[in-house]
Amino acid sequence: APPRASNGSREGATGTWLRTQLAPGEVITAQSAAFERDPQESSTTDEELSRAGSPGSRGGGGSSSTTTPDYGEKRLPQALIIGVKKGGTRALLEAIRAHPDVRAVGTEPHFFDRNYEKGLEWYRNVMPKTLDGQITMEKTPSYFVTNEAPRRIHSMAKDTKLIVVVRNPVTRAISDYTQTLSKKPEIPTFEVLAFKNRTLGLIDASWSAIRIGIYALHLENWLQYFPLSQILFVSGERLITDPAGEMAKVQDFLGLKRIVTEKHFYFNKTKGFPCLKKPEDSSAPRCLGKSKGRTHPKIDPDVIHRLRKFYKPFNVMFYQMTGQDFQWEQEESDK
């Protein structure tokens, strides 16, 4: 049996509630291992990872703010960005890497979902070298929806700090679809994939683009191993509108001095999101690649309405579980 987190009997109540909110054909339990493989935010290959972990490497990407030294030692990460896909994890990683006391892997190791059989020494070797006082980090967005990940991370270090970037699940699903569409133009329309039965309005919760956004269901799995105090929820929306404010929370959570501040960011009107710059650097800001900020396809408003209705009870439960109101419903009513 998994160790009990500080949430007491929460699992039973939320588990029952969550499963009763789905139609019989849509039941997905936290114990199900049927999560399909889905292209992640970056296509990390074994070759990239072995290169990152090779003796002559400079430690898997290192910090963007300083030249990587050849001294220090490789350590297992003390903090992980575990999700969610298309929530803003890359933006968060790049911003936190601007902190001199953070060293992070540039690629996604996928250790706790795809590469676990390679062992902790392989994982450690993928990490960058750090000095005493520096924090080692990595991000792999698929961890949040991987059933085995909480147990595996807990067995590595039960005091690991976890960061989850969440975003309005409707816009997250559309962004997820947009990314897949850019790679596979032949796939069916969003409207076709989103429904089991369009006439009856039955949402297909088994489609990963929809399922990832049922945050309360996935969080239930993590709370069996980690207390809420070890999990930070970052708003993907506020990461765009107030990046410095969200980064202040991240730095506080990690026990870091607030060094990444508003002077590190510049809003790019063309892309529609902030770009990162070093405060002492007069060169052009460093923006995320062309795979970020894609224009979303136009989706039938009725489909958007049905998805909002589908997600609302799960969002409310997520707010209750985390003690945070992300105001996704309010945001939609303003449109």
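Lys86 counts as buried because its relative accessibility is 7%, where buried means under 20% relative accessible area, exposed over 50% and partly exposed in between, with a 1.4 Å probe and protein chains only.

The structure is a predicted model, in which local features need pLDDT of at least 70, side-chain atom pairs count only at pLDDT 80 or more, and totals for chains, interfaces and linings use all residues. Residues are numbered from 1 along each chain as its sequence is written, and side-chain values use heavy atoms, with hydrogens and water left out.

**The chain as a whole**

The protein chain holds 13 helices and 11 strands. These are DSSP runs numbered from the N terminus, with helices (H or I) of at least four residues and strands (E) of at least two. Of the 335 residues in the protein chain, 53% are buried. Among contacts in the protein chain with a separation of 6 or more, 75% are between residues 24 or more positions apart; contact means heavy atoms within 4.5 Å.

**The loop between E2 and H3**

Back to Lys86, which sits in the loop between strand E2 (79–83) and H3. UniProt, in an unreviewed entry, marks Lys86 with the annotation "active site". UniProt positions are given here in the numbering of this model, feature names are shortened, and annotations may be inferred rather than shown by experiment. The backbone of Lys86 deserves a look too: its phi is positive, about 60 degrees, although Lys86 is not a glycine.

The loop between E2 and H3 also contains Val84. A cis peptide bond, with omega about -5 degrees, joins Gly83 and Val84.

Gly88 is another member of the loop between E2 and H3. With a relative accessibility of 21%, Gly88 counts as partly exposed. Neighbours within four places in sequence aside, Gly88 is in contact with Val165 and Leu239.

**The annotated binding site**

The unreviewed UniProt entry also has a "binding site" annotation, whose residues include Lys86, Gly88, Arg167, Ser175 and His296. Ser175 belongs to helix H6 (residues 169–183). Ser175 is buried, with a relative accessible area of 9%. Which residues does Ser175 touch, not counting those up to four places away in sequence? They are Lys86, Arg167 and His296.

Since 7 of the 8 residues of H3 are buried, H3 is largely enclosed by the rest of the structure. Those buried residues are Thr89, Arg90, Leu92, Leu93, Glu94, Ala95 and Ile96.

His99 is buried, with a relative accessible area of 0%. His99 and Gln134 are 35 residues apart along the chain, and their C-alpha atoms are separated by 9.7 Å.

His110 is found in the loop between strand E3 (102–104) and helix H4 (120–126). His110 is buried as well, at a relative accessible area of 2%. The phi of His110 is positive, about 50 degrees, although His110 is not a glycine.

**Two helix pairs**

Two packed helices are described by the angle between their axes and the distance between the axes. Axes are lines fitted to C-alpha atoms, for helices over the stretch in contact, and angles run from 0 to 180 degrees between N-to-C directions.

| Helix pair | Angle | Axis distance |
|---|---|---|
| H3 (residues 89–96) and H11 (residues 243–253) | about 65 degrees | 11 Å |
| H9 (residues 215–222) and H12 (residues 301–322) | roughly 35 degrees | within 8 Å |

The angle of about 65 degrees between H3 and H11 makes H3 roughly perpendicular to H11; angles under 35 degrees count as roughly parallel, over 145 as roughly antiparallel, 65 to 115 as roughly perpendicular and the rest as oblique. Leu92, Ala95 and Ile96 in H3 meet Met247, Val250 and Gln251 in H11. By class, this contact of H3 with H11 has 5 nonpolar, 1 polar and no charged residues. Here Ala, Val, Leu, Ile, Met, Phe, Trp, Tyr, Cys and Pro count as nonpolar, Asp, Glu, Lys and Arg as charged, and the others, Gly among them, as polar.

For the pair of H9 and H12, whose axes come within 8 Å, the contact involves Tyr215, Ala216, Leu219 and Glu220 of H9 together with Phe314, Met317, Phe318, Met321 and Thr322 of H12. The residues in the contact of H9 with H12 divide into 7 nonpolar, 1 polar and 1 charged.
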